[in-house]
Amino acid sequence: MGEELDYTTLKWVKDEIQESLNQTSQALETYVENPGDATQLRFCATYLHQVYGTLQMVEIYGGALLAEEMEKVANALLNGQVGRQEDAFEVLMRAILQLPAYLEGLEHGQRDMPMALLPLLNDLRAARGENLLSENAFFAPDLSVTPPAPPSDKEYPAIQAYARKLRPIFQMAMLGWYRDKDTAGSLKKLAAVLRELQNASQSEAARRLWWVAGGVIEALIDGGLQSGTSLKLLLGHIDREIKRLIDEGETALSEAPAQELLKNCLYYVGSARSTGPRVSHLKQAFDLDRLMPYGGDLEEAMDNLKGSSNDLLQSVSEVLKEDLLSVKDRLDLFVRDSQREVAELAPLGESLQRIADTLAMLGLGDLRRVIQTQSGQMEAFVTGAETADDDRLMEMASALLYVESSLQNLAAAPARHDEAETADLGAGEAASPVLMPAGEQAQIVNLVIDESRQLLSDIKEGFNTFAESSAFETIEEVPAKLSQIRGALAVLGMERASALMQAAIHYVKDEVLATRQVPPASALDALADVITSIEYFLEAVEEGRAQPDTILTVAELSIEELGYPLAPTAAEAEAAAGGRLSDFDAQFAMDESESLTPEFAPSAALAET
């Protein structure tokens, strides 16, 4: 299909497509500024339909599929069928920017490959609550393939009891892999657990699942797959199936098999550049080489597309740095001024909003939220709702430094491993003249994060001891340590995480230490989820991963379970007014909650593996 593309025809229609996309972008920006003008959304849908028709006519099917999904999102927004409109605006703008990069790749000889656009296509579908394309349209293996028979020369314990013993080992190894602590050893333990489950299971459905999941782990061990957010979530799903085996028995895995999990595991095995025995066997048994639509060209195509996105960020990053520097300079003058007329801060709020909009168009949602928080803070200063004291101004300056440092980290490492967020990657060359060198900023941020993570480790150790002994003296210092972490998070501009820490402090002080009552196991699990989620969040920030705030969903659910829900932000309140979370968002939060729950007492079987 790609080889038959008439590139001369593409060049002929490219200008028309670009003009339609420019009109789409302008109409969308106008609607975001004035949501009451629904005509602008109709314009968006009309222009995108024109792009779709043009691409369909010249048989550029990957681009046409992207334009079709974009048009569906615009129509869903027009019909009020999108719960989280801000997320839909972000992904639609990202698609508007990325479609020309895809077409440019075709002009330079890249094949027309819809799979190269799969992360973006899935984001567009998730924005309107649809199933992901990776789960249906692109990949349909035969899920009835018979797995290898269990060994006949060895007896295994009853599967439920054995799974109960093996699951803590699986979770500890999964955590080690998440944190890059003894990665090779952690992956080997994961493989060993799945191999034992496969050999001990009696039903074909169960053995098939553990067999295929083991192929994913083998590919990771061999370097045939790159670690990423999607794979970590996949392992969280596998952990849930182990839990289901423990709770409901092996029959449940046969009567209601995890078909989508099995399909996704097979997809990763099929895309793995690995020749290990299990991966090779799986590829042959499921005929994966034939089913994978584009073979080895997919990685090259995504690299090409990623490169165009990097160029885009590089061209815009210097403007962002200059805008940030201007805001910081005017903020510094305000701090030094003895008169301090808050009306002088009004233009800074507008500048921050423009920076936030630019970050949104680049898909840098985490940095955008930081800037939006500061814009709201600035507005509160100007209206007199809050006092512009030195502490608040210093927190704002720290948040701006964090955003600038993050942009600098993107310049230093443009090829992050999270394949689902290619538009979040980029490069920038020059360091802007700031209050301190960008490298020193990054070192300070990382130092604060390291100290906070050490405190979290001490807190978890204290609660481990408390869970075993019920000795309250082992957690007496927890509120003070949590307060240190909360202060660090506030200084770094991480208000959401800071608020979660404050809620955890209130719970420990008021519900545990003040009453001297040992909480039930479910409450300790929920508190452990809060601590672990924030630990993962700090790790994600330190490593520069895309969208680290999504990790905090687990902490929010757990802190609400403890009876200390956070007050919703203005954006969340608006989203709630439009409807509840989409099924996709709810499923994501549930999956994360399952996979992040730590075990206070690791099984002794860990030493046996």
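In which sense, left-handed or right-handed, does α8 pass α11? The crossing of α8 with α11 is left-handed, a term for a near helix turned anticlockwise from the far one by less than a right angle, with clockwise giving right-handed. Before we look further, a word on the model: it is predicted, so local features need pLDDT of at least 70 and side-chain atom pairs count only at pLDDT 80 or more, while totals for chains, interfaces and linings use all residues. Residues are numbered from 1 along each chain as its sequence is written, and side-chain values use heavy atoms, with hydrogens and water left out.

Let us begin with the whole chain. Of its 609 residues, 52% count as buried, where buried means under 20% relative accessible area, exposed means over 50%, and partly exposed lies in between, for a 1.4 Å probe and protein chains only. Among contacts in the protein chain with a separation of 6 or more, 75% are between residues 24 or more positions apart; a contact here means heavy atoms within 4.5 Å.

Now back to the opening pair. Helix α8 (residues 204-221) and helix α11 (residues 259-271) pack at an angle of about 35°, their axes 8 Å apart. Axes are lines fitted to C-alpha atoms, for helices over the stretch in contact, and the angles run from 0 to 180 degrees between N-to-C directions. On the α8 side you will find R208, L209, V212, A213, G215 and V216, which meet L261, L262, C265, L266, Y268 and V269 in α11. The residues of this contact divide into 10 nonpolar, one polar and one charged; Ala, Val, Leu, Ile, Met, Phe, Trp, Tyr, Cys and Pro count as nonpolar, Asp, Glu, Lys and Arg as charged, and the others, Gly among them, as polar.

The axes of helix α2 (residues 39-57) and helix α3 (residues 61-78) come within 8 Å and cross at roughly 160°. The two helices are therefore roughly antiparallel to each other, a label for angles over 145 degrees, with under 35 counting as roughly parallel, 65 to 115 as roughly perpendicular and the rest as oblique. The crossing of α2 and α3 is left-handed. Residues of α2 including L41, C44, L48 and L55 meet residues of α3 including A67, M70, A74 and L78. By class, this contact has 14 nonpolar, four polar and three charged residues.

On to the packing of α3 with helix α4 (residues 85-107), where the angle is about 155° and the axes are 10 Å apart. That makes α3 roughly antiparallel to α4, and their crossing is left-handed. Here G62, G63, L66, M70, V73 and L77 of α3 face Q85, A88, F89, L92, A95, I96, L99 and Y102 of α4 in the contact. The contact residues divide into 11 nonpolar, three polar and no charged.

Not counting residues up to four places away in sequence, I459 touches V478, K481, L482, I485 and I531. I531 itself sits in helix α21 (residues 521-542), and at 4% relative accessibility I531 counts as buried too. Leaving aside neighbours within four places, I531 is in contact with L456, I459, K460 and F463. Most residues other than glycine have a negative phi. D182, in the loop between α6 (159-178) and α7 (183-200), has a positive phi near 50° and is exposed, with a relative accessible area of 53%. S470, in the loop between α18 and α19 (478-491), has a positive phi near 60° and is partly exposed at 35%.

Note on methods
Helix = DSSP H or I, 4+ residues; strand = E, 2+ residues; numbered from the N terminus.
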